[in-house]
Amino acid sequence: MKSPLLICMFVFAATGSFSQAADSSTYYFEKGLAEKAEKRYKQAFHHFQKSLFFNKEHLGSLRESGLAAIEMKQYGLALAALKKADTLEPNNPIVTETLANLYFFTHRWDDAIRYALKMQQLNLTGRSDYIIGRSFYEKEDYSKSFRYLDAAYKAEPNNAEIPYLFARSFVDMSNYKMAAKYYQEAIKLDSSKIRWIYEMAMAYSAIPDDKTAIVYYEMAAAKGYKMDNDFIENLSTSYLLTGQPEKAIDMMKQLLEKKPADIELLYGLADTYYRAGKYKEAIEYWDKVLFYDKQHARSLYMIGMS
């Protein structure tokens, strides 16, 4: 039979060990908070991990580990810590909102939607409507996307990204007039987005409204948009369709001086001459295509047509 004194000593030792572990967990948690306050996130993360060594379910250390890992751009570590924190305390507002944003940032759209909806259930202020709307946009569910982006736009009327997403959605649905309308709205809010201006020009071309398209092609070029082959082909087509073939030809020749062996550019210039009714010049440039690619079937065919 064990001595009552021995039993008491054992219970006291176990209780003391538990208390010491709890104290150590709190000690390292507080050290981590101090390092975080000084923006030393790596050291903070290290202390939070020590805290968790003594208490694996220390909610504060799990949450703060996740936040510190985000600052360190260690998103896998952040997710692991925050998911465990969420399991232990499912309705923690900081954890819920951080997970919504983290899943959104890492393009895990279904999880982003789930946690952003949870934000709304908890009545949290934040960008939940934008997260949900953008996530549904990425999933190509435009009906649901529009509903949440509408709400997000009311909350963020100066966020140019929102009308841009509407514009892109309408492009995907081949509704170019509505796309052009929203591109106009987006660029009015942020005229620095040169790519958006170019996309708007293409939307006007597709309406078709090539006269307006030219305005925005030229604006994009003036702002520094790269005039690659696609750009030149699109702008040249608009020039041709508005009765300005010489502008198209001059622009392509300037580019050809820098890229004399560019087969696509040579073909495009030949095609422009052809559509302008200048067949000898068209043949001359299709011959240049054949110099580099003797089996270029389309050029052979078009020479015959010319």
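**Helix pairs and their labels**

Modeller: This is a predicted model. In it, I194, I197, Y198, M200, A201, M202, Y204 and S205 of α11 meet D210, T212, A213, Y216, Y217, M219 and A220 of α12. By class, that contact holds twelve nonpolar, two polar and one charged residue.

Biologist: What makes α11 roughly antiparallel to α12?

Modeller: The angle. Helix α11 (residues 194–206) packs on helix α12 (residues 210–222) at about 165 degrees. Angles over 145 count as roughly antiparallel. Therefore α11 is roughly antiparallel to α12.

Biologist: How far apart are the axes of α11 and α12?

Modeller: They lie 8 Å apart. The crossing of α11 past α12 is left-handed.

Biologist: Now α5 and α6. Why are they called roughly antiparallel?

Modeller: Helix α5 (residues 93–105) and helix α6 (residues 109–121) pack at about 155 degrees. The cut-off is over 145. So α5 and α6 are roughly antiparallel to each other. Their axes are 8 Å apart.

Biologist: Which residues make the contact of α5 with α6?

Modeller: From α5, T96, E97, L99, A100, Y103 and F104. From α6, W109, D111, A112, Y115, A116, K118 and M119.

Biologist: How many of those are nonpolar, polar and charged?

Modeller: Nine nonpolar, one polar and three charged. Tyr counts as nonpolar, and both Y103 and Y115 are in the contact.

Biologist: What is the handedness of the crossing of α5 and α6?

Modeller: α5 passes α6 in a left-handed crossing.

Methods: Residues are numbered from 1 along each chain as its sequence is written. This is a predicted model: local features need pLDDT of at least 70, side-chain atom pairs count only at pLDDT 80 or more; totals for chains, interfaces and linings use all residues. Side-chain values use heavy atoms; hydrogens and water are left out. Axes are lines fitted to C-alpha atoms, for helices over the stretch in contact, and angles run from 0 to 180 degrees between N-to-C directions. Helices (H or I, at least four residues) and strands (E, at least two) are DSSP runs, numbered from the N terminus. Angles under 35 degrees count as roughly parallel, over 145 as roughly antiparallel, 65 to 115 as roughly perpendicular and the rest as oblique. A crossing is left-handed if the near helix is turned anticlockwise from the far one by less than a right angle, and right-handed if clockwise. Contact means heavy atoms within 4.5 Å.
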